[in-house]
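Here is a set of exercises to work through with the model open beside you. Try each task before you read its solution.

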Amino acid sequence: MSNAKWIKDIRSLSSKRNREEAGLFVAEGPKVVADLIAAGWAFSALYASQGGCERLPKSVQPKATIIADDVLERISFLQHPQGVVGLFRLPATKVVRPSADELCLALDGVQDPGNVGTIIRIADWFGINRIYCSPDTADAYAPKVVQASMGSIARVQMVYTDLPALIGSLPAEIPVYGTLLDGENMYEKALTPHGIIVMGNEGNGISETLRGMIGERLLIPNFRPAGQGAESLNVAVATAIVCSEFRRK
């Protein structure tokens, strides 16, 4: 296979459709690649510059194909390539309902890849093992999302599903939380160590359908007088604040 065809095939994985057809996604950098391998993710190929290969764990180094720096730059999706590119198998899709004793997140139309990747990293930090996503949420295996997760994609299961159907099927003992402008002050509300926390779209918040299914409505209060200060919080920042408060309780 010519270099041009090989490079084109890897670059085509920027598209969700092409990722699904190939059953592969791209991960870059020695840390992200090493985290995925350590977590047992299967890969089809590893490419590295000489310097990048030396930054991988010694057990992985013999599995990498050494390529020239200029070739690696052509297959990388990063502005500043990190010397390692891995092609990993997409995980099998399986919708598993949350158990009664775990805390999960649900993303309703979160469309910015950087936000989704950061939220995956936040979930990993706070010991949340599963994130449910609406179909219009940014694809977790897009290069920008994988990179923004900084390896946390290896440890957090991403489940794309019909959120209203999922939430509507939950038993009563699993509380459904959501951040809404008409919610109760999160810092004054009793929070459970289990349940599902719904975070909404960057501009429109939680969709109308899901809004009516939120049993526990939360508000992150603004500590400035009304009409002053920031108008809203970035969804990833809001997720971090909410997760921290749940774990503090």
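**Exercise 1. In what order do the 4 strands of the open sheet lie, and which strands stand at its edges?**

Step 1. The 4 strands follow the order E1-E4-E2-E3 in an open sheet with mixed pairing. Strands here are DSSP runs (E, at least two residues) and helices are runs of H or I with at least four, both numbered from the N terminus. Two strands pair if DSSP finds at least two bridges between them.

Step 2. The edges belong to E1 and strand E3 (65–66); each has a single partner strand, so one side of each has no neighbour in the sheet.

Before you go on, a word on the model: it is predicted, local features need pLDDT of at least 70, side-chain atom pairs count only at pLDDT 80 or more, and totals for chains, interfaces and linings use all residues. Residues are numbered from 1 along each chain as its sequence is written, and side-chain values use heavy atoms, with hydrogens and water left out.

**Exercise 2. Describe how strand E4 is paired and how much of E4 is buried.**

Step 1. Start with strand E1 (residues 24–28), which pairs with E4 in the antiparallel sense over 5 bridges. Within E4, Val-85 is the bridge partner of Glu-28, and Gly-86 is that of Ala-27.

Step 2. Turn to strand E2 (residues 43–48): E2 and E4 run antiparallel and are joined by 5 bridges. Here Leu-46 has Gly-86 of E4 as its bridge partner.

Step 3. Now look at burial (buried is under 20% relative accessible area, exposed over 50%, partly exposed in between, with a 1.4 Å probe and protein chains only). Strand E4 (residues 84–89) has 5 of its 6 residues buried.

**Exercise 3. Is Ala-42 buried, partly exposed or exposed, and what does Ala-42 touch?**

Step 1. Find Ala-42 in the loop between helix H3 (30–38) and E2.

Step 2. Its relative accessibility is 44%, so Ala-42 counts as partly exposed.

Step 3. Leaving aside residues up to four places away in sequence, Ala-42 touches Phe-88 and Arg-89; contact means heavy atoms within 4.5 Å.

Step 4. For a sense of scale, go from Ala-42 to Ala-190: they are 148 residues apart in sequence and 42 Å apart in space, C-alpha to C-alpha.

**Exercise 4. Which residues of helix H10 are buried, and what covers them?**

Step 1. Check the span: H10 has 14 residues and reaches 20 Å from first to last C-alpha, close to the 20 Å expected at 1.5 Å a residue. The expected span is 1.5 Å times one less than the number of residues.

Step 2. List the buried residues of H10: Val-235, Ala-236, Ala-238, Thr-239, Val-242, Cys-243, Glu-245 and Phe-246. As a reminder, an α-helix has 3.6 residues a turn, so residues three or four places apart point the same way.

Step 3. The cover over these residues includes strand E5 (103–108), helix H6 (113–125), E8, E9 and E10.

Step 4. Zoom in on Ile-122, found in helix H6 and buried, with a relative accessible area of 11%. Ile-122 touches Ala-236, Thr-239, Ala-240 and Cys-243, not counting residues up to four places away in sequence.

**Exercise 5. What lines the largest pocket and the second largest pocket?**

Step 1. Settle the term: on a 1 Å grid over the protein atoms alone, a pocket is an open set of points where a 1.4 Å probe fits, with protein on both sides within 12 Å along at least five of seven lines, and lining residues have an atom within 4 Å of a point.

Step 2. The largest pocket has a volume of about 860 Å³, a volume being the space filled by probe spheres set on the points. Of its 31 lining residues, Leu-181, Leu-219, Glu-231, Ser-232 and Leu-233 lie nearest the centre. Strand E8 (176–185) gives the most to this lining, with 4 residues.

Step 3. The second largest pocket, of about 460 Å³, is lined by 20 residues, with Pro-91, Thr-93, Tyr-141, Met-158 and Tyr-160 closest to its centre. The largest share, 4 residues, comes from E7.
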